[in-house]
Structure formats: structure tokens, C-alpha cells
Amino acid sequence: MRQLWDIPGGVHPPENKIQSLSQNIGSLPIPEKLVVPLLDYHSGELKPTVRVGDEVKKGQRLTPPSSTQATLHAPTSGWVSAIEPRPVAHPSGMVSSCIEITADQKDQWIERRCITHYQQLSPQQLKDIIADAGIIGMGGSGYPTAAKLDTAASASVDTLIINATECEPYITADDALIREHAADIVLGAQIAGYTAGRPKKVIIGIEDNKPEAIKVLQQCIAGTAIELVSFATKYPSGGEKQLIQILTGKEVPSGKFPSDIGILCLNSATAFAIKRAVVNGEPLISRVTTVTGGACTTKRNYHTLIGTPVEFLLRHNGFDKSQCSGLIMGGPMMGINLSSDSVPINKTSACILAPDHIEMPERKTEQACIRCSHCEDVCPASLLPQQLLWYAKAQNHERLEAHNLFDCIECGACAYVCPSNIPLVQYYLNSKGSIRQSRREKIASDQAKERFEFRKARLVKAEQTREEKRQSRQLMLEATSTDKTNHGQNAGSDAAAIIRAAQLRALTKQSSPEKKIAQLERTLVSAQNRFEEAQQRLNNAIVSGTEEQQAQLRATLESARQKLVKTQQRLAEIKTP
């Protein structure tokens, strides 16, 4: 039996899961209009490959294929009726460009390629299929799965963990999916393992509050090398780093990724999507979404098309707006408050929560921190929430980073236990955004400074070239005048004058040591700027970039370092007498 470890902190909020598990996963009619956001939270807005008026079929690509971005597909057949900014699910309530598809209700698929024996394909071919299917981390991260598998293969990971924890209250999408599609999830895990370089261990981690899902999984993994591990229920044990610590005892270092310690972690819904993409030839155009809360008469899980408006889901569940205290996409701990019910379902929308005023009363007024340290006691990342709050209010970015702000998983446990009703996570989110913006501004400033220095050096060099040409012309004129004065002298004298003029021209082209030193010093400044910029870009990529981006930036940094060292050596040689 596998040894288990405990994580620091954690809380036990009311689960409220049984309400939405009384029925099987339901199906919905196709909405009249579906809205697909052109937004990748890791790389910004995507470029559409369709135009208004184009006819599309179910599963057709709407954006270019990419291994580093989440390719989007048409969730049903119809035509593109608009491409314009619309409200999307985001903490800031932002709008983003979206593709509106008016459904023709025929639901006609594109031609699909189904693969019966995935082992007949190479890992790279499978990664291409997964990338083309637009599969991302469906547990909430939204990171492209193909890029994650590629990183795992290059890092030679030895453990694959399928995260079936689903620790957030109210959400039962993964639980329901496992109950009805456990075999598909197991097959998806096997495909992922084969694609990631065949890790030695494959573990499915699940909380012990899902007995029916555990029973079905045990039946499906019989005869395989997959290990099923259940553990005590505690929030937020479903966090990637927390689950890894529970199952392996290993801690992912600050600023590092699971692949750095030989582990790949995928959500159970992601494993299901991998199976559907490879075996059934279906891109990621739908997901299981929980619709629950006291303001809904019906509480149930649904196979939901990406782009379905939240309002459409609520209407089919007897939603009473007057009873609702506020719409949330996700759970009560980490969910996003929705400003509009027209927001569409996206690939990470595991739940639409419509609580009544009893379940979620109006937030009380924020009061001063009383230094009770409850927030520190429950933090699963072993941070110091109180100090982070002070630095966030003071906008002290340096101290925030020194206290590992970016290790915060935004689980909300600190705010949940705060007796002063301080929305701690909101302060941390705002500070993270401010730090990222400052980094972008610094990079832009450094680039502008480098352009200025380069232009300045170019102008100086151009002026030197003009001066050298002027002196050369002057010497030639003097040589010509001397030749005319001595007209009639023998040819040997003429040849000597020509040679002397050529020598003078050559001498004028040679810069003095002082000029060479000045030029090299300017080159050194430029090289230092390039090195610092490369270092900053790499630091940013380590925080929020992909492994592929990090590898490219490390190569750029090494090239800039070599140029800097070479310039320093040349300058030292000239200055040495």
C-alpha cells in the first residue's frame, strides 16, 4: 500500500456535492447561438481563420493549429454570424474578441480520423493529434496539454498522476464523468503515458468522498499497471503541487514545475479528452459542467458545448434570479464572479454556481487585520498571508516577490477563515497583475533604451565614416596639386606620389586607439543591455512561460553572454599597454 503524506494547512468547507449527483449526466439542446472566446489566458487573444458569413461544420478549426496555444473548434455546424468583443469569464470582467456561431441544428461533423490502436503511432504523432484537438488542462490551469506532454517527454518524467480529486465544494463534474466514463479516462491516461515517454508509475489520485467513482475505477484498472490511491478529504488537496506532495512526498520547489522533479500531472477530464481526440477523432468542443446552487430548481451535470451561454444553462435548470446572491463560474472558493449571464462556457468551466442568499450571504464589510494568524495556519503553500497583505497594500513588489507571492495557488483558504472578512486573494491577484505589468513595462523600457543606444552608436559611426572620407579626398587633392606642380618630372616620381597618397588614405581609415576604445565601450553598453534583457525575459518565462520558451530564451541568454564576454576581452586588450 502506497505511503501518503499530509499537506500543510487546508480547510474543510461544506462539500454540497450530493445535490448534483442524483441524476446521470444530462444532454442539452443545441443553443441557437454559441459564442467561442478567442482568448488564451496564457498567450493572449487568438487569430481566427474564419470570417463573418463563413459556413462551418462541427469540429472545424476556428484558429490555426498550434502546440503552444489552445486551438479552437466549431462546437456545432452553422455559420459565423459575428466576430466581435463580448464579455468573457475573467476576474476583471473583461471583454474579448469572440466568434459567434449561429447553429443550423444539423450538427454535421467534419470528417474524423479514428485510431483503434494508438501504439501504432509515434509519440510525436499523438502529440500532434492532441495539439490539433485543442486539449488543455481542464482542471482550471488551461495550459496546452501537448506542450505539457512534450516537456514531460524531454524531461524523462518517471511518474504520471491523474488528478481526480475535485476538492472544490459544489463541483461534481469529474466525479460524474468518472462514474459514467471511467474506462475512457483510464485509456486516456494510458495514451498520455505512452506519449510522455512511458513513465514507470501511473497513479490516479482521488479523495475518499467519491466511493462510487473509486469502485468503478478499481474495476477499470484491473490488469493494468495503473495504481489507484484514495486519501482523506481536505481542501485544497486537488491543487497540482499539493496532490504531488500527498502521493509522493515530493515538494515542487518555488518557481519550478512538476516536470523538474520528474512528475507529470493531468486532470481526469483532460485524460478523457485525450481519449476522445485520439480514438474518436473528436476535438475538445464540449465538457461536463455542473449546474447547481439554491437558486436552481434542478441541480445536475451536463455535457455542455463550448460557447454555450450561461443563461441557456440556467434556463434549463429552473433558475430564479430573485433568489440568487450572485453567479459564479467555478466553485465558491476559487470561482469567478460573473457580471453577466451572457458569458459563454469555456474549456475550463467545470461549474456554474447559483447560490441563494442562505448559502452565500452578502459579504460582510472588510475590517482591519487582527493578526490572529489563522490565514497562515491554513495556507497549503506555507506562505505568510498577513505579510503578503501588507506588502500588497503598500505595492511593495520587491518584498512580495521575496515572500514568494507567485507560489500562492489562489485557493481562498486564507480568506475563508479570516475573521475580519478581508478578501486576501483579491489583493494577491491584483498584486500579481501589477508585477506582471511592471515586468512588461521594464522590458519595453530596456528595449527602447537599447534602440536609442544603437541609434546613437550608428550616428557616431556614420559621422566618423564621413570624416574619414573627407580627409581622404583632401589628401588626394593635395597629392594631385603636387603632381601638377612637378609636371614633367619622371614617371618614378609620379608613382611615388600615388603610393604616398594611397598610404595616407589607408592611415586615415585606421581609427586611433582612443576612437577604438570609445567604439568598443559603446558596443559593451549595447551588449550589456542585450544580456540584461535576455535575463529578464528568461525570468518572466520561468514564472509564466512554457518549457519550450524557456529553452529558447536560455539559448538567447548564452549567446548574449558570449558576445558580452568577447567585447570585454577586446576592450581589455586595447587598454592594456
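The paragraphs below lead through a predicted model, beginning with a sheet and ending with the helices. In this predicted model, local features need pLDDT of at least 70 and side-chain atom pairs count only at pLDDT 80 or more, while totals for chains, interfaces and linings use all residues. Residues are numbered from 1 along each chain as its sequence is written, and side-chain values use heavy atoms, with hydrogens and water left out.

Helices (H or I, at least four residues) and strands (E, at least two) are DSSP runs, numbered from the N terminus. Six of the strands form an open sheet with mixed pairing, in the order E1-E13-E12-E16-E14-E15, where two strands pair if DSSP finds at least two bridges between them. Strand E1 (26–27) and strand E15 (336–337) stand at the edges, and because each has a single partner strand, one side of each is left without a neighbour in the sheet.

Within this sheet, strand E12 (residues 286–292) is joined by six bridges to strand E13 (residues 300–305), the two running antiparallel, and Thr289 stands opposite Tyr302 in E13. Three bridges join E12 to strand E16 (residues 351–353), and this pair runs parallel, with Thr290 standing opposite Cys351 in E16. E12 is mostly covered, since six of its seven residues are buried, where buried means under 20% relative accessible area, exposed over 50%, and partly exposed in between (1.4 Å probe, protein chains only).

Leaving aside neighbours within four places in sequence, Arg287 is in contact (heavy atoms within 4.5 Å) with residues including Met138, Ala173, Tyr302 and Asn346.

Helix H3 (residues 173–195) lies across E12 and E13 and runs at about 125° to E12; axes are lines fitted to C-alpha atoms, for helices over the stretch in contact, and angles run from 0 to 180 degrees between N-to-C directions. Asp184 is found in H3 and counts as buried because its relative accessibility is 17%. Not counting residues up to four places away in sequence, Asp184 touches Ala271, Phe272 and Lys275.

H3 also takes part in covering helix H1, a helix spanning residues 123–132 in which Leu126, Lys127, Ile129, Ile130 and Ala131 are buried. What covers these buried residues of H1 includes, besides H3, helix H2 (145–155) and helix H6 (268–279). After H1 comes Gly134, whose phi is positive, near 70°.

Helix H5 (residues 240–248) is mostly covered, with seven of its nine residues buried, among them Leu243, Ile244 and Leu247. The buried residues of H5 pack against strand E8 (159–163), strand E9 (201–207), strand E10 (226–231) and strand E11 (263–267). H5 is followed by Gly249, whose phi is positive, near 80°.
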